[in-house]
Amino acid sequence: MRKKTNKSRLMLALWLGIAWPALAGGPFVINGKLAGVEDGAVVRLFRPDGSMGAAVAADTLRNGRFMLCGEVEQLEMLSIAVQGEGFPSMGLNVWVEPDAVVSVSGRDKLLVTWKVKNRMPQQSDENRYIDASRSEYIQLQQALINYASLNILQRNKRDELLKQIDSLQMLIRGTEICMMQTTPYSEVWLTRFQKLAFWSKEAEGHPYRKELLALYELWPQPRKESPLGKFFQRKFFLPGMVWTGDEMADADLLDTLGRVHRLADYKGKYLLLDFWSIGCDPCRRAQPEMKRLGEVYRDVLTVIGITQDGEPSWKKYSAEQGIGGVNLRDPKRGAGLSGRYSVERIPHYVLISPEGKVITSWTGYVAGQLEKKLDELLPDSVGRPYLIEGKVQGVEDGTVVVMGRTTLRQATVVARDTIRNGTFRFSGLLNGPTHMVLRGDPRQGFSYTRLDFWAGPGTTVITGDDKMIRSWRVESTLPEQIEENRYAEACREAVHRQQVCRIERSRAGREKTPQTDSLWAEYMALQRLIDSAEIEMLQTLPNGVTPSPAWIDRFEMVAARANDKEYRHRDIVLALYDRLSDSVKRSAKGIGIAHSLFPAELLPGDVAPDGELVDPFGKMYRLADLRSPGKYMLLDFWASGCPPCRMSAPEMKEVAETYRDRLTVVAVNLDEVRAEWLKAAEKDGIVWTNLADPQGFDGLPYRYGVKGIPHYALLSPDGKLVASWAGYGPGYLKKNVAEAFAKADAASG
């Protein structure tokens with residue numbers, strides 16, 4: 001008798017929207033017995049907590065049986081879901097109360113149609129709703145199972161099944177509304193009404209919306225003013241549903257520390273909203289792919305997870321699983337952003353443009369779907385994912401490899417990784433095949449050279465057996481890399497031995513000895529073999545054929561050495577250059593090759609060339625504008641990806657301070673990316689004149705005979721070249737400047 005009174009009180013409190021003291025709690029047990037279902041599936045019990053639920057209990061199916069136990073304070077509805085192959089992504093509602101014993105039986109994997117028996121009238125009501133649409137529920141569950149079995153490429157079948165699923169759900173909802181119009185209010189009636197209200201939201205003209213509003217309008221005003229009534233008001237009269245092309249909806253969202261975030265904080269990149277829940281198996285399966293894509297697209301896209309769970313369970317799960325990135329909670333849940341973005345099922349995704357416009361949205365997850373969606377939806381200009389996997393032997397863990405995007409004279413660092421268990425990995429976005437380089441630190445035993453290779457959308461595998469990095473092998477389907485491999489194979493043994501010579505010569509010390517002379521002689525002999533092999537392959541280009549990017553880049557490197565005294569094939573290089581078409585010669589690569597083959601000469605005493613440079617704010621200057629009467633000028637040609645350039649910054653600061661009364665220091669940056677220039681300048685503390693050459697190496701560097709960086713040029717007060725030198729070592733900069741001033745002072749005295 002006491003239980004009946006308690007239930008009556010609870011129902012009255014729920015209906016009137018008032019608080020009632022918690023009733024004495026107690027345990028419950030759910031016993032399951034299934035036929036025709038193999039063992040091993042995990043049966044889970046959830047408490048409604050957001051769109052899915054918080055875990056209560058779990059058991060593994062053995063001999064067709066399972067048992068779920070827990071405790072409740074009062075009457076409540078829980079939900080059973082099964083994790084296993086062939087089960088639908090639906091839950092079975094089960095009503096429990098303290099001391100309840102519930103039996104569940106079934107003959108297949110269609111769990112919504114399993115029989116649930118207990119002594120509670122609420123379960124009888126629940127079963128009547130199921131029985132009224134049993135045929136539709138059977139078809140719906142089978143469609144969900146079939147949908148989950150399809151892969152991402154089976155788009156037509158998936159679209160057909162989605163239409164079938166939507167149609168069946170519509171029929172079930174219609175049947176439920178008809179029953180609600182003729183049955184008395186109860187706990188089950190309220191839970192059904194809540195789900196239907198969430199589904200209808202503010203979709204004008206949506207089927208059954210008028211019927212739901214009519215049911216709501218029959219409520220007495222006190223009931224409408226209750227917390228439950230206000231909840232339904234928010235569902236029915238939710239402001240500002242957003243659709244494709246609309247401005248994004250925004251709200252105050254909370255992170256795990258309770259700090260407020262808004263979507264507008266992340267504008268400027270594409271936003272991918274992920275509405276998810278702990279109890280949603282597809283949501284959890286999507287998380288590794290979501291994390292990887294967040295890393296790959298990090299420069300153009302921000303992934304924002306918006307949980308549908310309650311705060312305690314979400315915080316606990318986030319800590320246990322190490323959920324990183326932008327992981328937020330909407331305190332309004334269904335009445336917040338999920339309602340405005342029409343989230344009916346999860347996982348649900350919304351893609352938003354950098355300007356804050358909704359591009360599209362979709363529901364559900366199968367492996368590979370997210371990557372394919374982004375590939376379809378993002379413009380070509382953002383690039384496409386690439387993956388570089390390294391597998392090396394004979395290289396101890398903890399060593400670092402650095403990858404850069406290369407031009408002839410510099411490589412912009414793209415990423416670095418520490419080798420662990422003989423592996424390293426790089427990922428990101430590229431618009432097409434791109435010439436990359438890989439380096440290791442000679443201080444960690446790597447050779448003093450680099451591995452040139454081509455990366456592009458897709459996977460590239462790099463393997464090696466030691467630290468002779470230029471000898472590592474690259475596997476890829478890119479035509480550019482296949483051609484690059486032909487050059488590598490033509491002189492692989494010579495390249496490997498040459499690296500060994502370089503390392504052994506370095507270990508022998510700087511002092512000139514018979515051993516170092518012998519190693520250098522062997523090194524140069526090997527270089528002549530490599531030069532011959534390269535030029536022989538370059539000559540195989542037929543007349544009139546447009547050279548490939550790999551051919552052009554290889555020829556560019558050869559042209560840079562063609563003026564060296566030891567190089568023996570300059571005439572052939574010039575003949576190959578003459579065969580290039582005018583369009584190739586006029587290209588950026590062609591101009592760089594011409595500058596290498598026909599360098600400008602600038603000698604001490606010559607008038608220093610003038611040119612235009614740009615400051616960090618975009619204002620243009622000429623060198624002549626920067627001269628001060630009676631003061632010398634020191635030009636420092638540098639780039640962010642040049643380690644010696646960066647190492648020289650503290651010493652340059654000393655030089656600028658020591659000679660501040662007679663010297664103007666001008667840093668001339670040659671980076672292709674403005675952001676990299678400014679970031680490096682700030683980090684290195686460049687407080688002297690900080691400019692960049694918009695033409696890169698083909699601007700002032702060409703006219704000053706710059707072949708590599710760092711390169712320095714000292715100009716007299718009357719605008720003539722006093723001295724120039726390249727490279728940097730500790731004390732080298734101060735020594736050269738002091739010697740140049742001493743020489744100039746002696747000449748003037």
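Analyst: Just after helix H22, Gly685 takes a positive phi of about 70°, where helices (H or I, at least four residues) and strands (E, at least two) are DSSP runs, numbered from the N terminus. This is a predicted model, in which local features need pLDDT of at least 70 and side-chain atom pairs count only at pLDDT 80 or more, while totals for chains, interfaces and linings use all residues. Residues are numbered from 1 along each chain as its sequence is written, and side-chain values use heavy atoms, with hydrogens and water left out.

User: Why is Val614 called buried?

Analyst: Buried means under 20% relative accessible area, exposed over 50%, and partly exposed in between (1.4 Å probe, protein chains only); Val614 has a relative accessible area of 15%, and therefore counts as buried.

User: What does Val614 touch, not counting residues up to four places away in sequence?

Analyst: Taking contact as heavy atoms within 4.5 Å, Val614, which lies in strand S24 (residues 612-614), touches Lys619, Met620, Trp677, Leu691, Ala692 and Pro694.

User: Which residues of helix H22 are buried, and what puts them on the same side?

Analyst: In H22 (residues 674-684) the buried residues are Trp677, Ala680 and Ala681. They cover an arc of only 100° around the axis, so they sit on the same side of H22, the arc being that of the directions from the helix axis to the C-beta atoms. On the other side of H22, Ala675, Lys679, Glu682 and Lys683 are exposed.
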